Amino acid sequence: MSLSKDDGIGQDSKIRYGMCSTGLKQHSLEQVLEIASDCRLQGIEIWSGHIEEYLSRGHHLIELKSQLSSYQLEVPAISGYTYLSRDEDYKEELNQIDIAAQWCRALDCPRIRTFLGHTSSQVILASEWEQSIHRLDKAIDLCNSYDVKLAVEIHNNTFADTSDSLTAMFRDIKATGLELIFDGFNLFVDSLEPIPVLEQFYTMIHHVHFKDYRWNHQDWGQSVPVPVLQGDANHSAIFNKLLELGYEGMISFEYFGDAAVTNTRKSLLEVQDYIKKYDFENSK
């Protein structure tokens, strides 16, 4: 999987770029596909709610697959909002994962995004952890039965929010095949360093989220989303590390709000320019 610097990382890099439809919930799925194509992206990570709404209007997955093909868009992940930690939600969440796995098979999508836990790993009880790990095992096995991967997103205020909790998760699960979705910004907001986590868990990371802000740690609501290489989480260093490690998956820009599309467009241009400079520097 790894490329050396002499392999011409940049022009020959197999990184692809997409966007998360979770940031465009006010749009129909057809509109999201048009936006992704217009932004010259290669993928769309689809929010499960978009697929539900699309199907509710009488459309079928075979139509969606055809539309994706016409736009030359792949689906790196279907993203639900499952946490596997609340007793009252677990059965329905497992059902949601089952349905999403069927959608993955129909759309040639390799993975489902899930969260693990509804609060920080720093405050959970041992019994909550054990029960959630047991449920995670069940969800992994379910996905494996469809030949689809389950991927836990590294996210602040969940059980999967630090290197210690991630280590414990992989230590305690019994099922095989679990992946991670890396989001360095989600570590940054908890004042954690993203790159050591990226290095430690790189072999489990097959999908990446990029977003950034001018961040107000005292009042998160005052933070301003900006193109990915202009924010405070130092995505230049994160991107550089991904290139050094030979990452070959997709990076999905995950922006929300009125400027979501604008920030996605600008972020794509920034990372493309960064790769050109990286390639030039390493060709000297």
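Modeller: On helix H3, the exposed residues Ile62, Ser69 and Ser70 lie on the face turned away from the buried side. Exposed means over 50% relative accessible area, buried under 20%, and partly exposed in between, with a 1.4 Å probe and protein chains only. Helices (H or I, at least four residues) and strands (E, at least two) are DSSP runs, numbered from the N terminus. The model is predicted: local features need pLDDT of at least 70 and side-chain atom pairs count only at pLDDT 80 or more, whereas totals for chains, interfaces and linings use all residues. Residues are numbered from 1 along each chain as its sequence is written, and side-chain values use heavy atoms, with hydrogens and water left out.

H3 covers residues 61-70, and Leu61, Leu64 and Leu68 are buried in it. Viewed down the axis of H3, its buried residues fall within an arc of 55°, so they line one face of the helix; the arc is that of the directions from the helix axis to the C-beta atoms. These buried residues pack against helix H1 (29-38), strand S2 (43-47), helix H2 (48-56) and helix H4 (90-107), where contact means heavy atoms within 4.5 Å. After H3 comes Gln72, with a positive phi near 55°.

Strand S2, one of the elements that H3 packs against, belongs to a closed barrel of 8 strands with parallel pairing, in the order S1-S2-S3-S4-S5-S6-S7-S10. Two strands pair if DSSP finds at least two bridges between them. Strand S1 (residues 16-20) and strand S10 (residues 250-253) are joined in the parallel sense over 4 bridges, and Tyr17 has Ile251 in S10 as its bridge partner.

Setting aside neighbours within four places in sequence, Leu136 is in contact with Leu84, Leu116, Leu150, Val152, Met169, Ile173 and Leu178. In soluble globular proteins, nonpolar side chains tend to be buried together.
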